[in-house]
Amino acid sequence: MTVDALTDVMGLRVGHATRIGDGRLTGTTVVLAPEGGAVAAVDVRGGGPGTKETDALDPRNVVQRVEAVVLTGGSAYGLDSASGVMAWLEERGRGVRVGPEPTHVVPVVPAACIFDLGRGGDFGARPDAALGRAAVEAAAASEPGTPVAQGCVGAGTGATVGALKGGVGTASAVLDSGITVGALVVCNAAGSAVDPATGVLYGEMFQGRVDYPAPEVHRAAQRQLAEVAAGYTPPALNTTLAVVATDADLTKAQAQKLAGVAHDGFARAVRPVHLLNDGDTVFALATGARPLASTGPLALNEVLAAGADLVTRAIVRAVRAAGSVDGPGGAWPSYEQLYGGRWAPEGG
């Protein structure tokens, strides 16, 4: 039985740690690989990324597998959350072996951050090592195949999409070959996810699942968004992050191709995207449980296409699952508040 989430890739678990209130609107999300790690790669296309250990994922470099990936709020400050994940992994002897003893390991924990500073009212409220540890502990405590919480949780707690509230979304698919592909997205974009002419989510237009809202609903939503934009002018510093994973047996180079193609999913669901003030980043993970079909290098194509499609679907879910926020750091209505869920397409 699948749950239509990243955790359908067997062995992967997801944990969120969320901080709301007392000036806080932020959090951290950890994707925990099975013990022994997963092949990993990354593709960074935003012009203002905040990342950690991404150079280690270059196919030319020595690290082959990673034990976890961290997505976090807090801009560059929030990357400290990866330290808590590293400490947790070290205590369990999980990481790159660098000495004669089993405890002599260095966990390689790639991480990327979104900008959410001050969105809860306190610019200094941001994820730290303790929050990273809480997120990895939540992942480790979950059962395999557990559904993943979506919306304003973990790294998506303080996320926004233009003037709308953003958040976390996830989706998965089992391909004809039996290979599973999943995606988890933190949608926090300077661009918009909504077609200004109709109010339909761009990602739903791409999926062909469109039921247009009534014109009066759209006009009212546009007026409210204009009021929000006029009353709050935060720095346009945003980032959409994703982890795309598969149980296919991929090389690091193939995983890097998967990460690159998955960015197409961003472009279908958010416009504009990959700007100089975005840090748009996709990580790819491959657990290696299933071989690719023996049809040559083109066997990878179905995995690549699925990765991009699932990122689009996960962005739609992130926007639809997000709840409105109105606090000392600002007010962001949710898409559901503005347009209602009565015409949401099945499968979101």
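Is Thr180 buried or exposed in this model? Thr180 is buried, with a relative accessibility of 8%. Buried here means under 20% relative accessible area, exposed means over 50%, and partly exposed is in between, using a 1.4 Å probe and protein chains only. Thr180 sits in strand E13, residues 180–187. Setting aside neighbours within four places in sequence, Thr180 is in contact with Asp8, Val9, Ala173, Val174, Ala245, Thr246 and Asp247. Contact means heavy atoms within 4.5 Å.

Some ground rules. This is a predicted model, where local features need pLDDT of at least 70 and side-chain atom pairs count only at pLDDT 80 or more, while totals for chains, interfaces and linings use all residues. Residues are numbered from 1 along each chain as its sequence is written, and side-chain values use heavy atoms, with hydrogens and water left out. When I say helix or strand, I mean a DSSP run: H or I of at least four residues for helices, E of at least two for strands, numbered from the N terminus.

Now the open sheet. Five strands make it up, in the order E1-E2-E6-E9-E4, and the pairing is mixed. Two strands count as paired if DSSP finds at least two bridges between them. E1 and E4 are the edge strands with a single partner each, so one side of each has no neighbour in the sheet. H2 packs on this sheet and touches E1 and E2, and its direction makes about 135° with that of E1. Axes are lines fitted to C-alpha atoms, for helices over the stretch in contact, and angles run from 0 to 180 degrees between N-to-C directions.

E1 covers residues 13–21, E2 covers residues 24–32, and nine bridges join them in antiparallel fashion. Arg13 has Leu32 in E2 as its bridge partner, and Gly15 is opposite Val30 in E2. This hairpin has two residues between the strands, and Asp22 takes a positive phi near 55° there.

Next, helix H1, residues 81–91. Its buried residues include Ser81, Ala82, Gly84, Val85, Trp88 and Leu89. Why are they on the same side of H1? Because they cover an arc of only 155° around the axis, the arc being that of the directions from the helix axis to the C-beta atoms. Among the elements covering the buried residues of H1 are E2, strand E6 (68–72) and helix H2 (129–141). H1 lies across E2, E4, E6 and E9, and runs at about 155° to E6. After H1 comes Gly93, with a positive phi near 65°.

On to strand E15, residues 281–290. Seven of its ten residues are buried. E15 pairs with strand E3, residues 38–44, in the antiparallel sense over six bridges, and in that pairing Val39 has Ala286 as its bridge partner. With strand E14, residues 241–248, E15 runs parallel, joined by seven bridges. There, Val243 is the bridge partner of Phe283. From E14 the chain crosses through helix H5, residues 252–269, to E15, in a right-handed β-α-β crossover. Right-handed means that, with the strands pointing away from the viewer, the path from the first strand over the helix to the second runs clockwise.

H5 also packs against another helix. Two packed helices are described by the angle between their axes and the distance between the axes. For H5 and helix H6, residues 301–321, the axes come within 7 Å and cross at roughly 40°. This crossing is right-handed; a crossing is left-handed if the near helix is turned anticlockwise from the far one by less than a right angle, and right-handed if clockwise. Residues that meet in this packing include Leu258, Val261 and Phe266 in H5, and Leu304, Val311 and Ile315 in H6.

Last, the backbone exceptions. Most residues other than glycine have a negative phi, and most peptide bonds are trans. Glu53 is not a glycine, yet its phi is positive at about 65°. Glu53 is found in the loop between E4 and strand E5 (65–66), and it is partly exposed, with a relative accessible area of 32%. Ser75 also has a positive phi, near 50°, and lies in the loop between E6 and H1. Which residues does a cis peptide bond join? They are Arg271 and Pro272, with omega about -15°. Pro272 is in the loop between H5 and E15.
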